[in-house]
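Try each task before you read its solution.

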Amino acid sequence: MTKEKTQMKEFIEALSVLQLVLSFLFLGLACIILMVSLMFTSLWLLPTLCFVWLVADWQTPERGGRRTTFVRNWKVWQQFRDFFPVKLVKTADLNPNKNYIFGSHPHGIMCVGAFACFSTESCGFAETFPGLQATLAILAGLFKIPLFREYLMCAGLCPVSKPSLVHLLSKSGKGNAVVIVVGGAAESLASSPGINRVVMRQRKGFVRTALEHGADLVPVYSFGENELFQQVILSEGSLGRRLQDLFKSIMGFAPCLFVGERFALLPFRKPVTTVVGSPISVPKCVTPTDEQVDHYHRLYMEALTKLFHEHKVSCGLPESHKLEII
């Protein structure tokens, strides 16, 4: 029997989620504004030192970063998890003597399932997959923002760039699980309740990287991710959609027009179940051919589809729901 939450518990959970939403939307911009503003005050030395440190430390994010168990184990992440709640489901054992690329789907608006399960220890990743270290790869440009980059690295995040992936898969030993949100910004624009659509039919770079380093591919699907926000989906070819696509091409992320449950920012209290599938064994090929990439990309799409259909009913979806791959 589920224990009913107190009003105080619900309030703390809401605050925990709100802080992440505000960080997601505004913290990077706030750090930039702070640094620029301080340059015109008597405290100009502080942003100058931050800039010097940024230059000296430029390559650290692509060399594994500076993850800290302290930040990943903050109590606030447990409250964040309980708000929805978020749950991590294991379907197969993963050998800690190998490296893996987890393909995470769908992006949703804020990648709540991927963040909770792979960038915090609130869902018990270390206990569920002993010997593995998960690293969520995100937009590389965020690691160029002073102060904000330090916060990201402490949570174990890394840039989704070639040098970063090469380091994690070839220079950091074994037991690394690099999590890539394959659909990216394009998939976030397709996020809407009741829709299970992933963008990956032409996205093969992660498969080529897996082949180059002999990293097994693991499909991951977060059921409920698209239910957390209502989004205004602009039609293809409309002025608004063209502006969104232009912004995405310049900045690397898409400005989604979304609304939540409270104050338009808090997501709806919908359960998110992140299911980690079985690994697809991938051989190491220093220079993989297009045929090899296509073959393992096809195997991956088939495994993702199978994972979706095997778990959709237990995760709250009707049997009639289909996975659309575009």
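The exercises below use a predicted model, and each solution goes step by step.

**Exercise 1. Helix H4**

Find the buried residues of helix H4 (residues 75–83), and name the helices they pack against.

Solution. 
- Step 1: Go through H4 and keep residues with under 20% relative accessible area. Trp77, Phe80, Asp82 and Phe83 are buried.
- Step 2: List their helix partners. The buried residues of H4 pack against helix H1 (7–38), helix H3 (69–72), helix H5 (112–118) and helix H7 (148–154).
- Step 3: Phe80 then touches Ser16, Val17, Leu20, Val112, Phe115 and Ala116.

**Exercise 2. The nonpolar cores**

Which residues have the most contacts inside the largest nonpolar core? Which element gives the largest share of this core?

Solution. 
- Step 1: Take the core as a whole. The largest nonpolar core has 51 residues.
- Step 2: Assign the core to elements. H5 supplies the largest share, six residues.
- Step 3: Look for a separate core. Another core, of 34 residues, lies apart from the largest one, and Ala215, Leu217, Tyr300 and Leu317 are among its residues.

**Exercise 3. The cavity**

Find the residues that line the largest cavity, and sort them by class.

Solution. 
- Step 1: Count cavities of 30 Å³ or more. There is one.
- Step 2: Give its volume. The largest cavity has about 50 Å³.
- Step 3: Name the lining. Val17, Leu20, Val21, Phe80, Phe84, Met110, Val112 and Pro267 line the largest cavity.
- Step 4: Sort the lining. It divides into eight nonpolar, no polar and no charged residues.
- Step 5: Find the main contributor. H1 gives the largest share of this lining, three residues.

**Exercise 4. The annotated span**

What does the UniProt record list for residues 12–36, and how far apart are the end C-alpha atoms of this span?

Solution. 
- Step 1: Read the record. The unreviewed UniProt entry lists residues 12–36 as "transmembrane region".
- Step 2: Check the model. Residues 12–36 are 100% helix and 0% strand.
- Step 3: Take the end-to-end distance. The end C-alpha atoms lie 33 Å apart.

**Exercise 5. The second largest pocket**

Describe the second largest pocket by volume and lining.

Solution. 
- Step 1: Give the volume, about 220 Å³.
- Step 2: Locate the centre. Of the 17 lining residues, Phe223, Gly224, Glu227, Cys315 and Leu317 are the closest to it.
- Step 3: Find the main contributor. Strand E7 (residues 216–223) gives the largest share of the lining, three residues.
- Step 4: Sort the lining. It has seven nonpolar, seven polar and three charged residues.

Methods:
Residues numbered from 1 in each chain as written. Predicted model: local features only at pLDDT ≥ 70, side-chain atom pairs only at ≥ 80, totals over all residues. Heavy atoms only, no water. 1 Å grid on protein atoms, 1.4 Å probe; cavity = no way out; pocket = protein on both sides within 12 Å on 5 of 7 lines; lining within 4 Å. Points joined across faces, edges and corners; volume = space filled by probe spheres on them. Helix = DSSP H or I, 4+ residues; strand = E, 2+ residues; numbered from the N terminus. Nonpolar A, V, L, I, M, F, W, Y, C, P; charged D, E, K, R; others polar. Buried < 20%, exposed > 50% of the residue type's maximum accessible area, 1.4 Å probe, protein only. Contact = heavy atoms within 4.5 Å. UniProt positions renumbered as here; feature names shortened; annotations may be inferred. Core = buried A, V, L, I, M, F, W, Y, C linked by side-chain atoms within 4.5 Å. Lists of a residue's contacts leave out its neighbours within four places in sequence.
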